[in-house]
Amino acid sequence: MEMRKILNIFTVFVGATIVTVISLWIGHQAYTWLPPQAAAESVLIDDLISFLVTLGAFIFLGVTSTLMYSLIFHRAEKGDLTDGPHIEGNVTLEVVWTAIPIMLVLWIAGYSYQVYEQMGIQGPMELVHLHNPVGMESAYAAPKDEPVNALAEPVENIDVLAKQWAWVFHYPEKNVTSTELHLPSDRRIRLALKSEDVLHGFYIPAFRLKQDIVPNHTIDFEFTPIRAGQYRLTDSQYSGTYFATMQANVVVESPEDYHQWLSHAATQQPTAAHNQAASEYAQAASQSVKTGWTTVAPAASPLVNYPGS
């Protein structure tokens, strides 16, 4: 009997070890499921996702392996139709399997909120108290073996205007307006996010950044791009009929290339930028037979120095 008990403990220990190793491996694979880390803060989200995948894999494999073990080694003999042993409730077991999920939920909530605060994302409470804005910190994080020389203070201030259905970016330094967001790499960026009409969402998947933009409020949002390249900005909130067209290119380049682009754009005369929503609305309005529901007319095409490539 004693030997059987030892064998059962050894089996549980080996099984738990195997499940833990496999779960850690699956959690590490989660990094490859995501876009490249293009902002310093992106590593915070990637670590959080990896943690959640590891935890989910451990629970899933733990439950399924226990079920498989029970089916294989504790199944009734062929032809045995008798009832199983009568087992009364176990208070200790019930307390344990109630306490563990509660502790896991609190752990996940605490870790998630810590990331939320580090990234400086502003929620409803911060928007109520905009006179006392929450301080935002740089994550100073980057992919392994890739150092980042990010500055501690914001060095680039950019105004972002969201409207149905276009993004407009204004660079106060040179008084340049563009429908394409240009950013210098390895420099702290501060965006002043505004909405002209309804609720919008500033979302760049490669940066792991998403901030809701609330009408009648200016929301300061900071981050640090670290990887040169072209990325995509989308509206994460449903803002009306043509919200799917509300996208913009995000170009991260060296500080030298960025200032060169800024100087060149400042020499260009403002012209009306292409607006896909306005084009689609005009086509629908010119049809002799009206189809679909009546929708809000898109805002006028913005006048910009640089309409984008």
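Trainee: Which residue is the bridge partner of L181 in β10?

Mentor: In β10, L181 has V250 as its bridge partner. Two strands pair if DSSP finds at least two bridges between them. Here β4 (residues 181-184) and β10 (residues 247-253) run parallel, joined by four bridges. Strands (E, at least two residues) and helices (H or I, at least four) are DSSP runs, numbered from the N terminus.

Trainee: What kind of model is this?

Mentor: The model is predicted: local features need pLDDT of at least 70, side-chain atom pairs count only at pLDDT 80 or more, and totals for chains, interfaces and linings use all residues. Residues are numbered from 1 along each chain as its sequence is written, and side-chain values use heavy atoms, leaving out hydrogens and water.

Trainee: Are the faces of β4 buried or exposed?

Mentor: Buried means under 20% relative accessible area, exposed over 50%, partly exposed in between (1.4 Å probe, protein chains only). Both faces of β4 are covered. L181 and L183 are buried on one side, H182 and P184 on the other.

Trainee: Which residues of α1 are buried?

Mentor: An α-helix has 3.6 residues a turn, so residues three or four places apart point the same way. In α1 (residues 2-29), the buried residues are V19, S23 and G27. They pack against α2 (42-73), where contact means heavy atoms within 4.5 Å.

Trainee: What does the side chain of E222 make polar contacts with?

Mentor: A polar contact is a pair of N or O atoms within 3.5 Å; within protein, one must be able to donate a hydrogen and the other to accept it, and residues adjacent in sequence count only if both atoms are side-chain atoms. The E222 side chain contacts the side chains of R188 (3.3 Å) and R190 (2.6 Å). E222 lies in strand β8 (residues 219-223) and is buried, at 5% relative accessible area.

Note on methods
Expected span 1.5 Å × (residues − 1).
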